[in-house]
Amino acid sequence: MRPEKKERMLILGAGAAGLSAADAIRSVNPDSPVTIVSGEKGLPYARMALPYYISGKIPVKGIFTGMRRDFSGRKIEYIPGDPAVGLDTHRQKVLLRSGLALEYGKLLVATGSVPEYPDMLAGLDAPGICNLWTLKDALQIKRRIEHGGAIAVWGAGFVAFMAAKALAMHGRKVYLICRANRILRRVLDEGAAGLMEHALSEKGVVCLKDTNVEHIGVLKGGKKHIVLDGGRELAVDVLIVALGTRPNTGFLHETPLAGKKGLEVDEYLGTRIPGIYAAGDLALVRDCVTGERIAHALWSAAVREGRGAGLNMAGDRHQCDLSLLMNVIDLGGYGAVSVGHPLLANNTEVYQFADKAGKAYRRLVFQDRRLIGAIIVGRCTDTGFFPALIRGVPELTQARKQKILRFPWNIAPALLGL
Amino acid sequence: MIVFNPDRCVGCYACQVACKVERGLPAGACGITVLSYESLDGGGERRVHYRALLCHHCADAPCVRICPVRAVTRDKNGIISVASEKCIGCRLCSLSCPHSIPSFNDRQQMTKCNLCIERIEAGLKPACVAGCPVAALEIEAPREISVRKRRGLLRKRCCL
Ligand SMILES: Cc1cc2nc3c(=O)[nH]c(=O)nc-3n(C[C@H](O)[C@H](O)[C@H](O)COP(=O)(O)OP(=O)(O)OC[C@H]3O[C@@H](n4cnc5c(N)ncnc54)[C@H](O)[C@@H]3O)c2cc1C
Ligand code: SF4
Ligand code: SF4
């Protein structure tokens with residue numbers, strides 16, 4: 001008989017992917033030994049809920065995704081605050097920072113991604129300059145802006161937008177420093193980005209576009225002094241750096257798994273080493289529109305992949321590639337949703353619709369009959385239908401496509417066969 | 001769960017009104033949505049068709065799985081409901097729901113059909129079912145319907 005330790009399903013990471021994998025394993029296999037290791041101390045929490053804690057929408061206890069009793073009740077061993085530092089694929093062992101070595105039968109790598117930190121900030125270890133990535137970051141930001149203050153957010157991607165929005169909703173002055181000529185340029189076109197920038201400015205966010213940071217220093221009293229190209233200067237209490245992320249695979253550098261862009265997986269989320277799976281921000285999964293292997297860095301993708309990997313670790317054959325891009329940009333009821341690839345330019349037909357008041361906007365992008373991307377701005381009740389449609393289920397007929405184009409503001413009737 | 005009979009519906013929207021009044025929902029948010037569409041039949045007569053968007057209280061509900069703050073839960077009877085005060089308003093549930101059911105209140109927190117559990121516990125029918133003047137809506141307890149029968153029912157009478 002094999003030693004029991006070899007049957008252990010070991011999950012590295014207690015984020016979206018890791019926890020859904022544990023749920024999935026338990027749903028089919030109530031007794032197998034499951035261990036979850038988290039690099040962070042304390043209970044697992046939802047990274048994407050951090051901005052809402054900062055804005056005051058939910059209390060800090062609202063961000064936690066698992067309680068100790070949830071783990072013990074389901075016979076899951078939870079080891080927090082002890083990150084993996086090495087992997088021995090021959091002996092099937094993971095080494096933790098404390099020196100603990102855990103043997104595994106099946107291993108899931110779900111350690112997510114880590115934010116980029118520019119070289120310019122190296123050596124400038126000043127309080128109040130941080131990412132918005134961990135609970136520690138969020139607690140620091142919240143403490144520093146408790147009694148007012150100005151904040152600069154460096155970056156204009158999704159996390160930067162969430163940070164700016166959260167702080168503006170909290171009533172603080174925010175500068176968004178954007179290198180490009182529009183915010184959220186990977187998911188929104190110019191029309192939609194313009195509407196979002198306008199909505200942000202109404203909340204008190206100043207979008208500084210086509211702008212780069214030239215120098216950052218710390219003034220007497222602790223304020224951060226930011227010199228922008230063009231000579232403009234800002235003095236802020238907090239600087240949030242949100243310049244993108246990279247896969248968190250540092251501890252795999254001595255294994256054949258490590259890649260610069262992430263971990264390659266097959267359609268069952270297995271890596272090239274049998275018994276080792278990957279899911280979440282670091283997994284290179286096939287995109288459902290382009291077929292390209294890419295790490296989507298989305299909560300929705302992480303949950304889906306975590307579940308698929310968990311089922312496969314438990315012995316199922318659950319095909320789980322074909323990931324879908326979807327971003328929700330909400331500003332207190334007014335916002336945009338971007339699904340699929342609305343900015344793809346080859347062999348596409350692009351249809352744009354705007355209402356008279358200039359508040360609602362839709363961009364629908366087709367490749368032949370198939371909808372491959374959509375941007376939806378303004379209040380709507382039909383967004384839920386877009387993901388399935390872009391995945392290609394149900395397949396659109398020419399008649400339904402025409403109907404969607406005739407009534408673009410609510411696609412539900414066309415899909416329900418009305 | 002609630003089953004909709006399109007042949008009975010007359011498109012009066014009393015169910016939507018009843019739901020909004022019962023749950024105190026603002027404009028744009030409702031636990032049930034009736035859609036209508038006109039067509040011409042073979043003899044050139046105008047016909048109106050109705051469909052209802054209703055929560056299916058799915059057996060393996062995507063909205064429960066995706067919610068990052070675990071605000072959406074399933075109870076022992078299989079009813080899927082949301083604790084709105086926990087919701088951050090990320091809208092992932094509405095993007096993951098195959099029927100686009102979750103809607104949002106003024107605080108941008110999710111609300112959805114909870115089958116009027118308090119009414120059921122008091123021996124009443126859900127507000128939409130009670131409010132429908134032509135009995136186009138019926139309530140069936142999810143635990144009493146086997147999965148297969150449920151699918152059969154859905155195909156016969158429901159929206160998708
Ligand atoms: C501020 C913010 C807002 C966001 N908003 C959205 C949004 O609205 N919608 C959306 O789709 N996505 C959003 N995201 C992205 C989303 O949170 C991530 O895509 C998702 O959390 C990825 O899940 P994951 O399981 O891959 O990684 P994570 O959730 O990051 O979890 C990684 C886990 O691995 C652990 N870990 C790290 N290193 C080690 C190690 N060496 N050993 C063991 N454990 C380790 C960590 O402690 C953590 O538990 C947001 C992200 C941020 C930061
Ligand atoms: S809201 Fe949608 S996904 Fe959730 S139970 Fe209802 S129908 Fe299913
Ligand atoms: S909108 Fe609210 S209920 Fe829906 S997934 Fe997000 S947090 Fe959960």
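Figure 1. A backbone N or O atom of A:Trp299 lies 2.8 Å from an oxygen atom of ligand 1. Taken alone, ligand 1 exposes 1000 Å², and the protein buries 94% of that. These areas come from the Shrake-Rupley method with a 1.4 Å probe; for residues, only the protein chains shown count as cover.

A note on reading all the views: this is a predicted model, in which local features need pLDDT of at least 70 and side-chain atom pairs count only at pLDDT 80 or more, while totals for chains, interfaces and linings use all residues. Residues are numbered from 1 along each chain as its sequence is written, chains are lettered from A and ligands numbered from 1 in the order in which they are written, and side-chain values use heavy atoms, with hydrogens and water left out.

**Figure 2. The shell around ligand 1.** Of the 30 residues around ligand 1, the nearest are A:Ala17, A:Glu40, A:Arg47, A:Asp281 and A:Trp299; here, a residue is near if one of its heavy atoms lies within 4 Å. By class, the shell has 18 nonpolar, 9 polar and 3 charged residues. In this scheme Ala, Val, Leu, Ile, Met, Phe, Trp, Tyr, Cys and Pro count as nonpolar, Asp, Glu, Lys and Arg as charged, and the others, Gly among them, as polar. α7(A) gives the largest share of the shell, 3 residues; helices (H or I, at least four residues) and strands (E, at least two) are DSSP runs, numbered from the N terminus. Domain 1 (9-114 + 245-313) and domain 2 (119-241) of chain A each supply at least three residues to the shell, with domain bounds taken from an automatic or database domain assignment.

Figure 3. Look for A:Arg363 in strand β25 (residues 361-367) of chain A. A:Arg363 is buried, with a relative accessible area of 13%; buried means under 20%, exposed over 50%, and partly exposed in between (1.4 Å probe, protein chains only). Leaving aside residues up to four places away in sequence, A:Arg363 touches several others, including A:Tyr351, A:Gln352 and A:Ile375, where contact means heavy atoms within 4.5 Å.

**Figure 4. Two loop residues with positive phi.** A:Asp210 is not a glycine, yet has a positive phi of about 50°. A:Asp210 belongs to the loop between β12 (205-208) and β13 (213-218) of chain A, and counts as exposed at 53% relative accessibility. A:Leu269, also not a glycine, has a positive phi of about 65°. The loop between β18 (263-264) and β19 (276-278) of chain A holds A:Leu269, which counts as buried at 0% relative accessibility.

Terms used:
Polar contact = N/O pair within 3.5 Å; in protein donor to acceptor, adjacent residues only side chain to side chain.
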